[in-house]
Every structure is written in C-alpha cells, then in structure tokens.
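Please examine the model before reading on.

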Amino acid sequence: MKRSLFYICMFSLCLFIMGCSNAGDPEHAEHGHSHDHNGHNHDHSGPSASYDVLVTQICEHRDAIKSAFDADNKDEAHDPLHEIGHLVGQLPDAAAQTDMSEADWNQVKEASDNLMDSFGKVDALFHGDDEGVEFSEVEQNVQDAITVLQGKVEVVSSANQETQP
C-alpha cells in the first residue's frame, strides 16, 4: 500500500513539474465548480475535454505506451505516459459534469485511481526506481479500468439520447 501511494505521489510530482496544471490559467479558472461526491467537496477548474473525449484520448495514449513497450522501444512511451496521467487526472471532474449517477461517478473515480497507480508504477521505471514495472505487468489492471470507463461512456451517451427531443 505504501508503494502504491509512493508511485502515485511520484507520478503526480512529475506531472506538476512538467506544468500540467491549469491552476494559473484564467481561461480555465472561470469554469471552476464544486461537486460533492461520496461526502467530499471538490472545488476545482473543469477538465479541458468532455468525459467521452478523455476516455478516447486515454485509450490512444495507452495504445502508444503498449506499442512502445511491445517494440522494446520504451523511451517512446515516456511522453505518452506523462500525458496519460494528465488525462486520467481530469476524468472525475469530467464525469461530474455529466448526468452520471453518484454510483457511476464512484466507479469512474476508482478506475481513475487504478489507472494512476498502474501508470505510476510504469513511470517509476523511467525514473530509476527499482520498483518500476514493465507495461505488461499492469496491462490487465489498465484494461479492466478502461473497460469500466468505456462502460460509463455508454451510460452518459444513453442518458443524453433520452433527454434529446
């Protein structure tokens, strides 16, 4: 458990250092909002893309990471790995902006946390951490989380179709 927390912290720190935050971006700051999910109040700027677009982008980056590892060219996975962390970090906010139920949002949050943990372990490989892992070691966990996220895209799409005239 401590290792997982360490990987998540290291992965988040890498994203922070790379400047992935919109905190100082006035364009995003005007869209700040507050949500209460699972008893926690979150006040933050909104995601830069809709939930379904984020899931699509995450799948594209996952594919790039997998291809780089499969081709034994891990260095090509490093940039998509950092970008995927930024995208995954936006998922709960994007889900909160849909008509998704709280139960569905909780599943998105859990899947997002699982992705951050899995990709954080892979990222640790690039930063000299002996506990870093190959993508193949977390691939099933990543696929399971993405399956949940894709299922919620269908939930959101169905809800949007029902509300359209």
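Both Phe119 and Phe135 are buried, where buried means under 20% relative accessible area, exposed over 50% and partly exposed in between, with a 1.4 Å probe and protein chains only. This is a predicted model, in which local features need pLDDT of at least 70 and side-chain atom pairs count only at pLDDT 80 or more, while totals for chains, interfaces and linings use all residues. Residues are numbered from 1 along each chain as its sequence is written, and side-chain values use heavy atoms, with hydrogens and water left out.

**Exercise 1.** Determine how Phe119 and Phe135 are arranged as an aromatic pair.

Solution. Rings of Phe, Tyr and Trp (its six-membered ring) pair if their centres lie within 6.5 Å; planes under 30 degrees apart count as stacked, over 60 as edge-to-face and the rest as tilted. With 6.3 Å centre to centre and 20° between the planes, Phe119 and Phe135 are stacked. Phe119 lies in helix H5 and Phe135 in the loop between H5 and H6, so this pair ties together parts that are 16 residues apart in sequence; helices (H or I, at least four residues) and strands (E, at least two) are DSSP runs, numbered from the N terminus.

**Exercise 2.** Identify the residues that ring pairs link into a cluster.

Solution. The structure holds three aromatic pairs, and ring pairs link Phe69, Phe119, Phe126 and Phe135 into a cluster.

**Exercise 3.** Decide whether Phe69 counts as buried or exposed.

Solution. Phe69 has 9% relative accessibility and therefore counts as buried.
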